[in-house]
Structures are given as structure tokens and as C-alpha cells.
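User: Please take a close look at the surroundings of the ligand and walk me through them in plain terms.

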Amino acid sequence: MHNDTDTHWWRTGAFYQVYIRSFADGNGDGTGDIAGLRSRLDHLEQLSIDAIWINPWFPSPLNDGGYDVAHYRDINPAYGTIEEAQLLIDEAAQRNIRVMVDLVPNHTSSEHRWFKEALASDPGSPARERYIFRDGRGVDGDEPPNNWQSVFGGSTWTRVEDGQWYLHLFDPTQPDLNWSNPAVEREFHDILRFWLDMGAAGFRVDVAHGLAKDPELPDIVRAESEAFRTERLDHPHWDRDEVHEIIRGWRSVLDEYEGSVMVAEAWVANWDRLARYLRPDEFHQVFAFEFLEAEWNAEAMRQAIQNSLDGAHSVGSVPTWVLSNHDVVRHPTRYALPNDVASKPWLLDGDRSVLNEDAGFRRARAATLLGLALPGSVYMYQGEELGLPEVHDLSEDVLDDPVWRQSGGTEKGRDGCRVPLPWSSEGPSYGFGSNGSWLPQPDGWGAFAADVQLGDPDSTLELYKAALALRSERLAGDETMEWVPSQPGVLTFRRAGGFTCVINLSRDSIALPDGNVLLASGSLDGGLLPPDTSVWID
Ligand code: NOJ
């Protein structure tokens, strides 16, 4: 356990997201696992991070990469055992790294015991009441109960043998739980305690904005049903006021465990809505996705930063910055595309000639120094410290994401950011494991390998190490920043007692402000700061 008494460590903490399936394979079966993760703790320690968030590692048929949980208090045998999970939590703690678990409360897997019981039980039975079963419409009830569209494509309803339908906002193998049933709430409080008792520091909470549904289950007009984020405040299943009662219940459990933290994945209309999730008795953190989504120009970035600061401050909190995760196109590739080219549709069939990989790489490094200089906490996605781009040319026959399947091949999905990490420049799977990898790694992946970058002062890995070390030395506990007026296309801000960060998003080199350069995201042009470059200045 941790001996520091700072219960607010997370407010300025650095978090690292481990997509366990693709992090490191300890037993040579081509899939990442706890043994692999334990063997790479040195790498994490070198990054001076405070915590890791591990994507779902529970028993699961992996129809949605583990976000289809079959058992919430155990470990997927492909990843290891509950004893190994305990060892990992303890060994990480010895290195002052906390472990956050992914909580998936909106839906279970259809392999979960509860869902099997529901299928074997009658309509209206208590077993069915844990989920959302309804009779269908139409003459024989053979039309779905309403017109809602799944996030992954197709109807949100699937019919079972006796004719009833069940709701799934995501894949048909992810039935939605009924959060107006107290039995569901009791079960999840118990799951929280299970992991907290093992020494987990807290939870990243999946689809926090989707738990409550309008009990009438009304139809929605098509345009709204397609929007994952909606401006509509009385949407029948996104961001309903009732979710906040559920969240407060979880928070009261976490408050029994000093220093614990929960972070929300919540895609909502704007910061007015998002700040509600961040109130003192709700989540400690919510991802500031507006920053991730901001296009590469100074005004858009400044606005996203200011909105996030204002929104978090309005409820006495601080923002949680993020540039990449397992659901989005990796940011070196996003920034390599022109601002008017949306990355997800581009993945499927976009013009490859518009990709400027060199610019994307420079911008990604510049954005990293920007994000790490801002007040608040930060989440990094595995591989970004190696400068990994999206693998945008995975062939259709290897795609695993249900988005590909459920959209009928009209969306390529998220596999390209989930390709197993390269640890060494050579070897069967670039050091990921001894025997291949569950998704193919592209040729040339070895050039990004951790072992090539370690010790090379110009590498992205060394940039992350240096930036994170400086961040924790200079900025820990400091939650303020002050914008410094700068020319168009440039953002400058000062951190009290820390340093000044300057990022040049314009097309021309600019004069560097006076001072000692602590760190630069790219080479400086004499006394000038080139485009797509950022610096920290003392
Ligand atoms: C958000 C997760 O990050 C994503 O990977 C998953 O597919 C959905 N929620 C459904 O659980």
C-alpha cells in the first residue's frame, strides 16, 4: 500500500493507460497479459507516472476487447489469474505506481451468469429485471420496441427465443443492465469494494453517461440516434439526470478508501453538462475530450483548454487532459491529416496521399509538451511515448473490432490503435512476445521500439521521460496557469513557480522568449521556435 498521505494526488497525477491485450505477452500465446505487464514495470517507473489504468482484464469472450465482461471479480485466463493481479498491484505499489481498474457498468457480456439466467427465465421475472427486456411492436411483436440505433451500428434490440427483445446500446453480446433495479446497484457497490480491498486505487468508468434510460423508451428521431454526443438534454439514453444519483452512490463507496479515484468516460454536449459529473460528490476526474478533439490550430486549442479549465474550476476541480486512447485514431496520425479530414472515415477509404506523417510526428511531440504543461491530471495511452502512429492499413481479414462487423464494413474500427507494442527492434514480434501477436504488427514497427529509443536524447521516449520528470518536480500540486499574450498562431502560458510553455501552431518560425530552454519538442532553429514545435522555458 502507499505510504503517502496525500489523498489528492490524482489532481495533478500522470496516468498511463495499459491496453493489456497489446502491452506485453509473457507466455508466448500472442496476447498481452499480466506476466508481460509485470515484466515491464521498469519502463513505467522510468516514465515517472503515478498510476496505470488497465483496460478490462476480466473473463470475457472479447467480442468488444473485454468491454463485454462475463465475470467482474476475476481475471481473463488469457491474461492470468487473480493472484497475479494481486502481485501486480503490490509490485506496482512498491514503485509508487497505483493501479486503476476499468469498471463496465452499462452492460455485461451475454456470457455473464445473470444474462444466462435471464434467458432461462420468464418474461417479467426478477432475472429479466436486471436487464432491459421488452415486448416488440407490430402484429406479432416482431418489430423492435423502438427505433434506437446501436453505437456500433444496427438496432439496439435483439430478439430472444420467447419473442421478447433486450436492449444493447453497443454489441448484441453486450446487454444493457437495468440501473433502476436496486439489485444491480448493490452488485456494483460490491464489485467496487472487491477491487479496492485488493489495493486498486480506483476505476475508469465506461460509458458513465449512458446508464439511465427513459423508462418509456420513446423513439428518437434518426439524426439524434446517430449522435454519440448530443445537444438534446432530454435524450432517452445519453446524459440523463438520473445517472448522477448512481454516481453519488459509487462515490460514497470510494470515500471509504482514502486516496481512491474514479474517472469518467462521458461523451456529453458541453462543459456545462460535463462539469456535473465532476461535482465534489461525483467523479474525481472526467476526460477532457474536447482537448483531444481540437483541431490543429491555436484558437481551437486555446478554446478547448480554456473551456476545460473553466468547466472543471466551476465545480472546484481541475481538467484531465488526454490526447489518445484505445478508441480513437492515434494522435500522430490525426495531426498528420488536414484539419478538414475526419480521421475515422479516412481510415476506411480516405485518400492516403493527404497524410503528412512528418508533420503529424512533430505536432504530436509538440502537443505532448503542451498537455504535460497544463494544470490538472493527464492520461497517456500506451505507445504514445514511443511516438506510435495509427496502423491505418490493417487488412480487413484481421479486423477484430465489433465496429467493423456491426457497421457492415462502413467503419473500419479501432484496431489500428491497438496493435501490440514494439519493445525491441528485432525478434518475432518486436519483443512483444516470443510467438507472434494477436494483431499483425506492420513492417518497420521495430523503428519505434523502446530499446532503440532508450538513451537516444532525440527520441520520443526520452522526451516523455524528461517531460514527465520535470512535470512532477516542478508542477506537482500547482493548479494554476496564466496565459501570456502572444502573436496569432502561438500559445504561451506560465505556470506559477514552474516554467513557461510556448507552442507554435503557426506556419512561420517565431522568436523564442528569453530564458533557459528546459525542453523542446523538436530542434530549434537558432534562436527561433519552428512551426509545430513547443518549448518549456525557465
Ligand atoms: C467505451 C470503451 O472505451 C469502448 O472501447 C467500448 O467499446 C465501449 N465503451 C462499450 O463498452
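Analyst: **Around the ligand**

The ligand is surrounded by 13 residues, and Asp64, Arg204, Asp206, His326 and Asp327 are the closest; a residue counts as near a molecule if one of its heavy atoms lies within 4 Å of it. The model is predicted: local features need pLDDT of at least 70, side-chain atom pairs count only at pLDDT 80 or more, and totals for chains, interfaces and linings use all residues. Residues are numbered from 1 along each chain as its sequence is written, and side-chain values use heavy atoms, with hydrogens and water left out.

By type, the shell around the ligand holds 7 charged, 4 nonpolar and 2 polar residues. Here Asp, Glu, Lys and Arg count as charged; Ala, Val, Leu, Ile, Met, Phe, Trp, Tyr, Cys and Pro count as nonpolar; the others, Gly among them, count as polar.

Next come the polar contacts, which are pairs of N or O atoms within 3.5 Å. Asp64 places a polar side-chain atom 2.7 Å from an oxygen atom of the ligand. For His326, an N or O atom of the side chain is 2.8 Å from a ligand oxygen atom. In the case of His107, the distance from a side-chain N or O atom to an oxygen atom of the ligand is 3.0 Å. The ligand taken alone exposes 300 Å², and the protein buries 97% of that; these accessible areas come from the Shrake-Rupley method with a 1.4 Å probe.

Note on methods
Polar contact = N/O pair within 3.5 Å; in protein donor to acceptor, adjacent residues only side chain to side chain.
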